[in-house]
Amino acid sequence: MSDGIEVEQIVESKPKRMPVATSLDKDAIREAYEDVRSDLTDTEWAVFKFDGAQIIVHGRGQCFEQFREQFGDSERAFGYIRIQMGDEMSKRKKFIFLTWIGQEVGVIQRAKMSTDKALIKDVLNNFAVELQAGVQAELDIELFREALNRAGGANYGTGVRDN
């Protein structure tokens, strides 16, 4: 400066981290979604996880116990699962969309889940119930069935089960 006063310039040395927008592997996600919905395959579930800033298909399978094993305490994920419902008079397949936020997931990643969920719901758009879970105890087939029953309305039947 011309009046003899020195101005010290402070330079921030670490780069600013800009949040990276989440993207989807849409074709693979759509294919897994249609696989779960199809009556021609045995696939009952698909799980979608983050690979960096991209949501990808992590796995598919037929057994609910395998579905449960897909979710960890430090992970964010989405699940899509087909569950056979009904009684001895009518059997039908119902679908659940699950958002998983494990207990060890940080605040910023938790906050991003609402916008990330909106992205994946553009592809996974047909389900009877949407659930959110964060601990293994919430991944219970009976809790899922109860949620579907509540959403499904009247349940007619004679009370006799044929498994």
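This briefing describes salt bridges in the structure above. The model is predicted: local features need pLDDT of at least 70, side-chain atom pairs count only at pLDDT 80 or more, and totals for chains, interfaces and linings use all residues. Residues are numbered from 1 along each chain as its sequence is written, and side-chain values use heavy atoms, with hydrogens and water left out. The structure holds 10 salt bridges, a salt bridge being a side-chain nitrogen of Lys or Arg within 4 Å of a carboxyl oxygen of Asp or Glu.

- Lys93 and Asp39 form a salt bridge, with their closest N and O atoms 3.6 Å apart.
- Lys93 lies in strand S5 (residues 91-101) and Asp39 in the loop between helix H1 (26-37) and strand S2 (45-51), so this pair ties together parts that are 54 residues apart in sequence.
- Helices (H or I, at least four residues) and strands (E, at least two) are DSSP runs, numbered from the N terminus.
- Asp116 forms a salt bridge with Arg76, where the closest N and O atoms are 3.1 Å apart.
- This pair also links distant parts of the chain, 40 residues apart: Asp116 is in helix H3 (residues 107-121) and Arg76 in strand S4 (residues 76-86).

**Exposure of the partners**

- Buried means under 20% relative accessible area, exposed over 50%, and partly exposed in between (1.4 Å probe, protein chains only).
- Asp116 and Arg76 are both buried.
- Lys93 is partly exposed, at 36% relative accessible area, whereas Asp39 is exposed, at 62%.

**Further salt bridges**

- Lys121 and Glu130 meet through their side chains in a salt bridge (2.7 Å, N to O).
- A network of salt bridges links Glu31, Asp35 and Arg60.
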